[in-house]
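Please look over the sequence and the model shown here. The report below goes through selected parts of it, one topic at a time.

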Amino acid sequence: MIEFVMPSLGADMEDGILVEWHKKKGDAIKRGDIIADVETQKGLIEIEVFEDGVIEKLLIEPDTKVPVGTPLALINPTNKKAETIISTDAQKEASHPIAEKEITPTLNAVGVNKKIKISPLAKRVATENNINFSTLLGSGENGAITKEDVEKAIAQKQKSLANHEASGTTTEDKTKNASNSIRAAVAAAMSKSNREIPHYYLEKTIDMTKALAWMNRANKERSVKQRLLPAALLIKAVAISLREVPELNAIWDNGLQIKSDINIGFVVSLRGGGIIVPAIHAANLKTIDEIMSMLNDIIPRAKALKLRSSELSDSSITITSIGEGGADSVYGIIYPPQVAIIGFGNISEQPFAENGMLGIHPLVHVTLAADHRAIDGLTGSRFLTVLNTHLQNPESL
Amino acid sequence: MTYREALKQGIREALHADGRVFLIGEDVGRYGGAFAVSKGLLQEFGEDRIMDVPLSESGFVGAGIGAAIAGMKPIVELMTVNFSLLAMDQIVNNAATLLHMSGGQINVPVVIRIGCGIGRQLAAQHSHSWEPLFAHIPGLIVLSVGTHEDARYMLAEALKSPDPVIVFEYTSMLNSEKEIPANITQVDISKTKVRRVGKDISLITYGTGVYKCMDAANELAAMGIDVEVVDLRVLRPLDEETILASVSKTHRALIVEDAWKSVSISSEISARIMEKIFYDLDAPVLRLSGVEVPIPYPVHLEEASVPQKNDIINAVKKILNHD
Amino acid sequence: MNKEEIEKIIFNSLKQIAPDTEPSKLSPDENIRETLGIDSFDFLQFIVSLDEKLNLEIPEQDYGKITTLNSLIIYLTQKIK
């Protein structure tokens, strides 16, 4: 039997409200099916399963708020290897594959982070009240989390729970609540990152003449709907550069763990403030057109806070892009437990010296913020150089 | 009333109350005590009750132990804690062990008063805080006189004990004046005393630390920090219940003592807090102790060698991350 | 198709991508993207939406000609003719 648990959709997620089951007891399910809707700080998320099987039992009633990791349903897997029966140990064994393969990487990084300073009392109170203390800000000596900090978090939690339960909330209230909780989630994740991760920053100015010329040519042949934006190009270029510098495509969990899949988190700004970071899975294996159509699909849904669980998990690196007309450089804060974030500024025409000649070229300032515990400047620099090479050869992207 | 006067009244009362009680020590008679605690008692009670002895700590402490075994109630005065080491053999190998080694037949109801601590520029020859040396030894009851009421009433209780009691008195406090509340006529030497009730942090201390901690607590109250002051009073056997109840309530502890930090009363208490109520702690237990040097002579160095009020205030603020 | 009809289509499309704004309050010479906070993706959605509703293609090189409400209406009117 497999336990299907409340997934962690990022280091900043503590719990979720099971809003609706899409399946019932006895239903056959297969990998990728949407089994339930869960309301999180990042909006209403459709939760997928990762295993073929039959729903044995639904454990949680709709409209219940549960912490990350809580079993939601029991699934009888079709795959007989992970079969049923027996001791609780065997059951744990069986449930681990999903938990670990698909969900827990981020959870682990948070749950067992040895670097968190918390008093024994605060830890006890947090555990008793199901508070995920890894995201709390400590007010004690040297930033240690104290009982008072935990009590504030409990109060906050009760308040948001009460808000949620309060009947007759208008859509406007809901959006406001969502944007408040997204704000809180961003605050917690970024504070944790800034507190714990020793960032270093590198910057390289990259000439976009060839890349843009290639894109403009490509767009001329396309219908409006199929047009490319520079972001798609940049994502692809980053993805294939990561193949050559894999150390950046990793998480830090008491050591560097390099990820084999290149899943790129792409920062989407929400109109009401806050950000959400959907993942473009296996970006190195997708064509630029595929990436562009993914962006066209995912960005409007991200802005409407309607993403699926798989789209919010597993990113192994983040890209933030300022876009047309904005600031020239962006120095990112790493999204834990990742080890790097790449920032693209506005692409703008500037004087550029090349082969002893000065010309006007479209340039972009590319920054890399990386975790110095995990990787050193030389590696970061190598990555930016490789990225430059790829952007100078857009036809091979 | 001065601390000295309180001690003297306690001795006088004991001498009046029980004919078996007598005071024995260097210069306690004709000279009136090295610190004038027993001044006038020789005239009042005579040479059989107020006994001057030669300068041999091992000899007269042994004599006191012998008298106690034989049914008397001796009060032995050791001028300063420095000299107590000369009597350590008698105290540890006889007084503390005889009950055990006689299979419970022989009690040693001796009371040994020891002048202790710093504060009078007596340097390393006549200063020091060696309460931890005595509190280490099973078979002894070790008291620390941190207030005037204890100076006045502890002796009577010590004399009731069937087992040897070591009473530490603080020479630096002799001249200090304090009113003893009229309703207090007896103290409980088996119990640690909460001198000030508070909710934010427990200041655990003894001896000269008690009034310093009270002063610090009053200043901290003005900053909005509510401090509980715990006067250990009995250093052996520790009243664990009272100590742990206080820290369980405040969730934080600072232990203040004049003694050297390594292997001290504070290390013992810190360890017990960790063993028994770890999950009630909201901050690490901190300690303020004496600097690990022989007590210096110059007054500014002497003061710097033990925790002072401002050190206590700063440490409390640090633990509470205040300011 | 008259000016009012074109304007209505523009407002509808803008409202779709930026539901928290009031496009009808745009003054004729304001920069649409700056005023409504529309990023590159939103803008592409906007162009796609105009393409669907008016059945005309706006080439990328013309993006610079349609930055304000006024210029956009003029541009679209000419295109439709």
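## Two packed helices in chain B

Helix α3(B) and helix α5 (residues 88-95) of chain B pack with their axes 8 Å apart and at an angle of about 30°. That angle makes α3(B) roughly parallel to α5(B), a label given to angles under 35 degrees, while those over 145 are roughly antiparallel, 65 to 115 roughly perpendicular and the rest oblique. Axes are lines fitted to C-alpha atoms, for helices over the stretch in contact, and angles run from 0 to 180 degrees between N-to-C directions. Helices (H or I, at least four residues) and strands (E, at least two) are DSSP runs, numbered from the N terminus.

On the α3(B) side, S58(B), V61(B), G62(B) and I65(B) meet D89(B), Q90(B), I91(B), N94(B) and A95(B) of α5(B). Two residues are in contact if their C-beta atoms, placed from the backbone, lie within 7 Å. By class, this contact has four nonpolar, four polar and one charged residues. Ala, Val, Leu, Ile, Met, Phe, Trp, Tyr, Cys and Pro count as nonpolar, Asp, Glu, Lys and Arg as charged, and the others, Gly among them, as polar.

## Basis of the model

This is a predicted model, in which local features need pLDDT of at least 70 and side-chain atom pairs count only at pLDDT 80 or more, while totals for chains, interfaces and linings use all residues. Residues are numbered from 1 along each chain as its sequence is written, and chains are lettered from A and ligands numbered from 1 in the order in which they are written.

## The sheet of chain B

In chain B, seven strands form an open sheet of mixed pairing, in the order β2-β1-β3-β4-β6-β5-β10. Strands pair if DSSP finds at least two bridges between them. The edge strands, β2 (50-52) and β10 (234-236) of chain B, each pair on one side only. From one strand to the next, the twist averages 20°. Helix α3 (residues 57-69) of chain B packs on this sheet and touches β1 (21-25), β3 and β4 of chain B; its direction makes about 165° with that of β3(B).

Strands β3 (residues 73-78) and β4 (residues 111-116) of chain B run parallel, joined by four bridges. Here E77(B) stands opposite R113(B) in β4(B).

## Strand β6 of chain B

Six of the six residues of strand β6 (residues 165-170) of chain B are buried, so β6(B) is largely enclosed by the rest of the structure. A residue is buried if 20 or more other C-beta atoms lie within 10 Å of its own, exposed if 12 or fewer, and partly exposed in between, with C-beta atoms placed from the backbone. V165(B), V167(B) and E169(B) point one way from the strand, and I166(B), F168(B) and Y170(B) the other way.

β6(B) pairs with β4(B) in the parallel sense over six bridges, and I112(B) stands opposite I166(B). Strand β5 (residues 141-144) of chain B also runs parallel to β6(B), with four bridges between them; L143(B) has V167(B) as its bridge partner.

Chain A has nine helices and 19 strands. Of its 397 residues, 43% are buried.

10 residues of chain A are in contact with 10 residues of chain B. Helix α2 (residues 120-128) of chain A gives the most to the chain A side, with four residues. By class, that side has three nonpolar, four polar and three charged residues.
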